[in-house]
4 protein chains.
Amino acid sequence: MGAPMASNLIKAGYEPSPAEVASSCDVTFAMLADPQSAAEVACGADGAAEGLAPGKGYVDVSTVDGATSKLIGERITSTGASFLEAPVSGSKKPAEDGLLIFLTAGDESLYKRVAPLLDVMGKSRFYLGDVGNGAAMKLVVNMVMGSMMVSFSEGLLLSEKVGLDPNTLVEVISQGAISAPMFSLKGPSMVKAAYPTAFPLKHQQKDLRLALALAESVSQSIPTVAAANELYKAAKSLGLADHDFSAVIEALKAKAHSSQQ
Amino acid sequence: MGAPMASNLIKAGYEPSPAEVASSCDVTFAMLADPQSAAEVACGADGAAEGLAPGKGYVDVSTVDGATSKLIGERITSTGASFLEAPVSGSKKPAEDGLLIFLTAGDESLYKRVAPLLDVMGKSRFYLGDVGNGAAMKLVVNMVMGSMMVSFSEGLLLSEKVGLDPNTLVEVISQGAISAPMFSLKGPSMVKAAYPTAFPLKHQQKDLRLALALAESVSQSIPTVAAANELYKAAKSLGLADHDFSAVIEALKAKAHSSQQ
Amino acid sequence: MGAPMASNLIKAGYEPSPAEVASSCDVTFAMLADPQSAAEVACGADGAAEGLAPGKGYVDVSTVDGATSKLIGERITSTGASFLEAPVSGSKKPAEDGLLIFLTAGDESLYKRVAPLLDVMGKSRFYLGDVGNGAAMKLVVNMVMGSMMVSFSEGLLLSEKVGLDPNTLVEVISQGAISAPMFSLKGPSMVKAAYPTAFPLKHQQKDLRLALALAESVSQSIPTVAAANELYKAAKSLGLADHDFSAVIEALKAKAHSSQQ
Amino acid sequence: MGAPMASNLIKAGYEPSPAEVASSCDVTFAMLADPQSAAEVACGADGAAEGLAPGKGYVDVSTVDGATSKLIGERITSTGASFLEAPVSGSKKPAEDGLLIFLTAGDESLYKRVAPLLDVMGKSRFYLGDVGNGAAMKLVVNMVMGSMMVSFSEGLLLSEKVGLDPNTLVEVISQGAISAPMFSLKGPSMVKAAYPTAFPLKHQQKDLRLALALAESVSQSIPTVAAANELYKAAKSLGLADHDFSAVIEALKAKAHSSQQ
């Protein structure tokens with residue numbers, strides 16, 4: 001998602017240069033693909049931290065776990081600079097359209113300072129307190145999303161099996177209390193067994209795993225998430241890890257076994 | 001829901017009289033509380049069927065199971081009258097606001113004939129083919145709803161336990177791909193542990209039971225619904241059967257046992 | 001199971017004649033394949049009830065649900081005869097070996113009267129009180145069995161996937177606290193994906209369904225049973241309904257989809 | 001469990017002295033409480049590894065995860081000594097009675113060398129190949145056990161709620177195909193809501209978590225384990241972490257909420 005986000009910044013007149021940002025810019029934005037890269041760019045040899053100093057700010061919009069975020073935050077603030085974690089909720093399309101949601105946590109004055117930039121890239125922003133809370137909030141949202149996708153898949157398949165048109169189910173749902181953009185967006189292609197990747201299934205499954213671990217750390221029972229996670233795992237073993245997470249519906253389709261026929 | 005539906009009909013100039021409708025009206029609308037009442041009003045002694053004849057129509061907007069609907073349909077059509085099942089998706093508030101969704105099935109020309117009346121009471125209508133399909137569609141929608149409510153509850157509790165504000169979770173969700181009117185409507189009161197009844201929990205649990213039976217009849221696996229159903233059952237045994245179905249969240253809150261303390 | 005049970009009775013000197021038993025014998029044993037047959041033989045035209053009278057006894061060892069058992073019991077006792085429901089726990093092999101377990105309920109003096117006959121056919125017997133309790137006890141036992149079989153299947157597959165020999169797992173389990181005859185008996189053939197039918201999968205799934213309904217009637221949450229039931233349903237849709245219930249393991253084996261490859 | 005195991009060794013004439021074993025004994029047995037301790041004793045400063053040399057053997061009967069076991073194994077074999085992981089299946093009572101089951105992996109000649117000692121402490125032993133396999137086998141066994149305990153709990157509660165005597169259920173189960181020592185041992189006290197700790201609930205829950213992680217690493221779906229794990233988590237939040245794992249039954253007992261009454 002970094003590309004369209006950067007593109008929106010550029011269109012709005014901002015020109016961040018990742019190579020020298022830490023020392024040459026007041027505020028550095030980091031958008032990395034995974035926790036390892038995020039940690040390396042911030043804390044590694046020749047990492048951003050080495051170019052930071054009091055008065056500067058570092059905003060990490062990568063999606064990382066709470067532990068990595070805290071690690072980065074500690075390294076950044078040890079330089080006297082201020083740190084804001086700001087993972088985004090939203091995938092490719094919202095990023096291109098400037099419709100991301102920022103879930104920020106960390107230094108509140110930095111949050112206020114970068115608010116105008118966040119508003120260029122996203123449609124809304126939340127300040128959630130201590131570092132780690134942004135990551136946690138994103139995890140909870142993705143957890144509910146992953147579980148909802150399975151419930152929706154169960155509905156689509158059941159409707160079809162009992163002779164209803166699953167496209168009509170999508171339309172009926174779109175009119176009522178459980179109408180959600182995700183259902184309207186993904187339903188029609190799921191009915192056609194097409195899963196163009198917006199959010200890879202393996203990432204959704206990873207988020208469910210992390211959410212289960214988070215829930216375990218506070219002894220919270222989350223049984224539908226646990227049930228949903230087993231299906232994402234089954235979908236991965238069907239070779240669907242890199243498809244869109246809506247491909248989880250395939251794990252609910254029983255396939256005849258050649259050995260049994 | 002019959003009262004506000006009737007009230008909307010009356011406001012629009014229609015004055016149906018339930019006592020003599022079958023013989024004095026062209027089209028009779030029945031809105032009963034449960035399958036037994038629906039069957040009795042249609043098929044019982046002095047029931048609607050006795051006043052029906054070729055050319056007349058009977059529209060049942062009650063929520064009944066497919067079997068009852070077929071039973072009623074057969075009795076009605078045996079008089080030469082035509083029959084339309086038309087269960088509604090939506091609860092008290094949508095009924096008052098004329099925002100119901102009609103899921104109709106049965107006689108298509110009767111459907112076209114009553115379309116203007118349906119449009120007075122609801123915001124949309126679907127014609128789904130054979131009698132029974134309306135009931136089945138409603139069941140699938142309610143099934144997805146019941147399961148989603150549990151996923152949402154799991155998210156609310158997890159967010160709270162890890163130190164996030166669950167009201168912020170409601171707000172974050174309302175901005176993204178899984179935004180749904182149900183979450184925005186019920187979330188804030190769920191956070192306060194208030195469950196004013198719009199759709200009773202016992203009815204939601206009954207619908208999950210019926211959906212599981214429907215799924216079993218076609219050997220469709222629906223694991224998150226099965227997991228969710230167990231929680232609605234637990235909520236019933238907590239004395240929450242007549243509260244709103246959002247009270248299912250209480251079943252996820254572990255309570256210390258006096259005997260263990 | 002009727003054949004080996006009758007055979008054991010005959011070997012022991014008893015010669016029940018099903019055609020005229022009700023009138024010619026003191027105590028009639030009925031062993032029917034399903035609830036419908038059991039009800040018809042007891043209550044139907046020319047059924048056993050018509051040949052019964054005060055002083056006579058009727059023992060139904062068929063496996064029927066509680067409602068059917070109560071229905072039969074009421075018809076039998078209306079003749080003045082006494083009634084005992086006596087479903088058996090055990091399948092083909094235990095029946096042949098006289099190792100069944102009788103779960104009886106109903107008339108206690110009849111229970112005492114037929115105890116010697118039960119001891120010929122089975123290795124143990126329980127008297128459980130009111131009619132219906134025998135059926136309920138059998139259902140609970142079968143429910144635990146069905147769920148255990150899935151847990152065991154999950155263990156077998158997991159051991160194999162991580163490079164352990166599943167046959168060794170069977171052996172290790174057979175030595176410890178969770179050792180059960182079922183695991184030792186079925187494990188080796190499950191490893192070979194062979195499921196010679198002792199107890200058909202469709203009957204196990206039906207028992208899980210009935211157990212879920214029983215649990216719902218008392219608002220008892222039984223989440224692992226609910227999860228297990230979804231797998232038996234999936235196994236049925238794989239065409240395994242008439243295989244042994246241990247074939248449920250197949251539902252846990254993800255199969256690659258030709259459409260995805 | 002170290003104490004009774006050592007006691008059995010002593011009774012049999014062996015006198016291991018933990019302080020100097022590594023240098024003064026041919027074969028050292030380590031029995032530590034957790035992975036951290038096991039790693040420290042083997043690899044830490046003044047750890048066993050420092051006293052080892054070619055020709056000596058190190059047998060770790062602690063229960064540790066596969067990763068820790070491999071770590072220890074590498075450090076031990078770096079000294080030229082040979083290593084055997086030998087986690088035990090069984091709890092306090094089997095340890096006292098010399099009825100443990102050893103799940104060994106690593107150096108096969110060391111396995112043969114210590115076989116007579118293992119036979120003093122346990123009733124059976126398995127050699128499973130590469131280091132890590134012992135830990136994995138133990139995890140799978142404990143996983144099946146944890147899931148079975150929940151199924152059994154569901155049966156006990158359901159039987160009681162429908163008016164059967166749960167003690168009779170324990171007895172009926174003890175006669176049939178699903179009879180297991182664990183059920184007979186723990187059933188009677190579970191009925192009395194007593195959970196004297198043999199295997200702490202928090203350890204059972206930890207094993208389920210590790211098993212879920214293991215299953216995820218090979219994309220194996222294990223839905224009843226996932227459902228069971230949620231209940232152990234709920235039991236932990238009821239304050240039952242240090243009770244016996246059979247206390248998981250408490251998580252299935254719905255408790256009325258004072259706020260709802």
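How much area is buried between chain C and chain B, and what part of it do carbon and sulfur atoms give? I get about 1300 Å², with 49% from carbon and sulfur atoms. Buried area here is the accessible area (1.4 Å probe) that two parts lose on being put together, summed over both.

**Ground rules.** I note that this is a predicted model, where local features need pLDDT of at least 70 and side-chain atom pairs count only at pLDDT 80 or more, while totals for chains, interfaces and linings use all residues. Residues are numbered from 1 along each chain as its sequence is written, chains are lettered from A and ligands numbered from 1 in the order in which they are written, and side-chain values use heavy atoms, with hydrogens and water left out.

**Chain C on chain B.** I looked up who touches whom, taking contact as heavy atoms within 4.5 Å. Chain C brings 17 residues and chain B brings 17 residues. Three residues, C:Glu216, C:Glu230 and C:Lys233, supply 47% of the area that chain C buries against chain B, more than any other three residues.

Next I checked charges, with a salt bridge meaning a side-chain nitrogen of Lys or Arg within 4 Å of a carboxyl oxygen of Asp or Glu. The rule finds two salt bridges across this interface. I looked at C:Arg209 with B:Glu216, where the closest N and O atoms are 2.3 Å apart.

Polar contacts came next: a pair of N or O atoms within 3.5 Å, where within protein one must be able to donate a hydrogen and the other to accept it, and residues adjacent in sequence count only if both atoms are side-chain atoms. I get ten residue pairs in polar contact between chain C and chain B, both residues at pLDDT 80 or more. On the chain C side, helix 10 (201-217) and helix 11 (223-237) each supply at least two residues. Helix 11 of chain C gives the most, with eight residues. For the record, helices (H or I, at least four residues) and strands (E, at least two) are DSSP runs, numbered from the N terminus.

By class, I count six nonpolar, six polar and five charged residues on the side of chain C that touches chain B. The classes put Ala, Val, Leu, Ile, Met, Phe, Trp, Tyr, Cys and Pro under nonpolar, Asp, Glu, Lys and Arg under charged, and the others, Gly among them, under polar.

The same surface serves both copies, as 100% of the contact residues of chain C recur in chain B.

**Chain B on chain A.** Then I turned to the other contact. Chain B gives 57 residues and chain A gives 57 residues. Together they bury about 4800 Å², 75% of it on carbon and sulfur atoms. I find zero salt bridges between chain B and chain A, but 20 residue pairs in polar contact, both at pLDDT 80 or more.

Several elements give two or more residues to the chain B side, including strand 5 (100-106), strand 6 (122-127) and helix 7 (133-161). Helix 7 of chain B has the largest share, 19 residues. By class, this side has 38 nonpolar, 14 polar and five charged residues.

Chain B superposes on chain A by a rotation of 180° with 0.0 Å of shift along its axis (RMSD 0.1 Å). Here too the same surface serves both copies, with 100% of the contact residues of chain B recurring in chain A.

**Salt bridges, whole structure.** I searched all chains and got 28 salt bridges. In one of them, the side chains of A:Asp244 and A:Lys186 meet at 3.0 Å, N to O. A:Asp244 sits in the segment after helix 11 (223-237) of chain A and A:Lys186 in helix 9 (residues 181-191), 58 residues apart.

Are they buried or exposed? A:Asp244 counts as buried at 1% relative accessibility, and A:Lys186 is buried at 11%. My cut-offs for relative accessible area are under 20% for buried, over 50% for exposed and in between for partly exposed (1.4 Å probe, protein chains only).

I also looked up C:Asp207 and C:Lys206, which meet in a salt bridge at 3.9 Å, N to O. C:Asp207 is buried at 5%, whereas C:Lys206 is partly exposed at 29%.

How values were computed: Least-squares fit on C-alpha atoms with pLDDT ≥ 70 in both.
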